[in-house]
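Q: I have a model open and would like to learn how to read its features. Could you walk me through a few of them?

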Amino acid sequence: MTLLTGLGLPESPRWHDDRLWFANWGTGEVVTLDREGRSRVEFEVPTWIPYSIDWLPDGRALIVSGQEGLVLRREHDGALVTHADLTKLGKVFNEIVVDGRGNAYVNGGNLVLVTPDGQATQVAEYLAWGNGMAVTDDGATLIAAESHARRLTAFDIAEDGSLSGRRVWAGCGDGVPDGICLDAEGAVWYADVPNQRCVCP
């Protein structure tokens, strides 16, 4: 069943506040869709492509402004401010995930940790086209999709947010992992766009 048409390139889907949120690439819009299929533009960001979204524990949104190498923060009054400047840590950034401590992980060619106070540090390098990421419910493991390597890669998360123990979480065979998520039982699913399927490896 089709719920919404006329979009640019919807990316970074998140379920938040009982609505589906996504970044509508090519428009600068962050759009939501409710259970009845009603959509609305929640806010706009000053970028085009790529950008992605997640939320701090206090409810403020973080937005990756990919081409600009910035992480923006949407305040409770709707104002957009710079949360972190990543320009010295890479070129184009893509996906974001926030853990329960308020640490944000942002990927591109490298993987960057942004602490709640906006300090940015590279914590891993040489991701083969980093795409979706997820943090396990216990906050102990970060899983990242490496599309060009056709694998999901896991890291152990330390108390300070740093990463270690890089390892293959799952090989994807002929699959090309893009966005990923954890289901209610903790299983990892990824979207495989070229093969038009969702996979639980």
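Predicted model: local features only at pLDDT ≥ 70, side-chain atom pairs only at ≥ 80, totals over all residues.

Q: Which residues have the most contacts inside the largest nonpolar core?

A: In general, nonpolar side chains of soluble globular proteins tend to be buried together. Here the largest core has 14 residues, and Tyr 105, Leu 111, Met 133, Leu 142, Phe 155 and Leu 163 have the most contacts inside it. Two or more residues each come from β11 (111-114), β12 (120-124), β13 (130-135), β14 and β15. Another core, of 13 residues, lies apart from that one and includes Ala 84, Phe 93, Ile 96 and Val 112.

Q: What is Phe 155 in contact with, leaving aside its neighbours within four places in sequence?

A: Its partners include Leu 111, Ala 124, Leu 127, Leu 142 and Leu 163, and also Arg 166 and Arg 167.

Q: Why does Ala 149 count as partly exposed?

A: Partly exposed covers the range between the buried limit of 20% and the exposed limit of 50%. Ala 149 counts as partly exposed because its relative accessibility is 26%. This residue sits in the loop between β14 (141-146) and β15 (151-157).

Q: How many bridges join strand β17 to strand β18?

A: Four bridges join β17 (residues 177-182) to β18 (residues 188-192), and the two strands run antiparallel. Ile 180 stands opposite Tyr 190 in β18. The strands form a hairpin with five residues between them, and Gly 186 in the turn has a positive phi of about 90°.

Technical notes
Residues numbered from 1 in each chain as written. Heavy atoms only, no water. Pairing = 2+ DSSP bridges. Buried < 20%, exposed > 50% of the residue type's maximum accessible area, 1.4 Å probe, protein only. Core = buried A, V, L, I, M, F, W, Y, C linked by side-chain atoms within 4.5 Å. Contact = heavy atoms within 4.5 Å.
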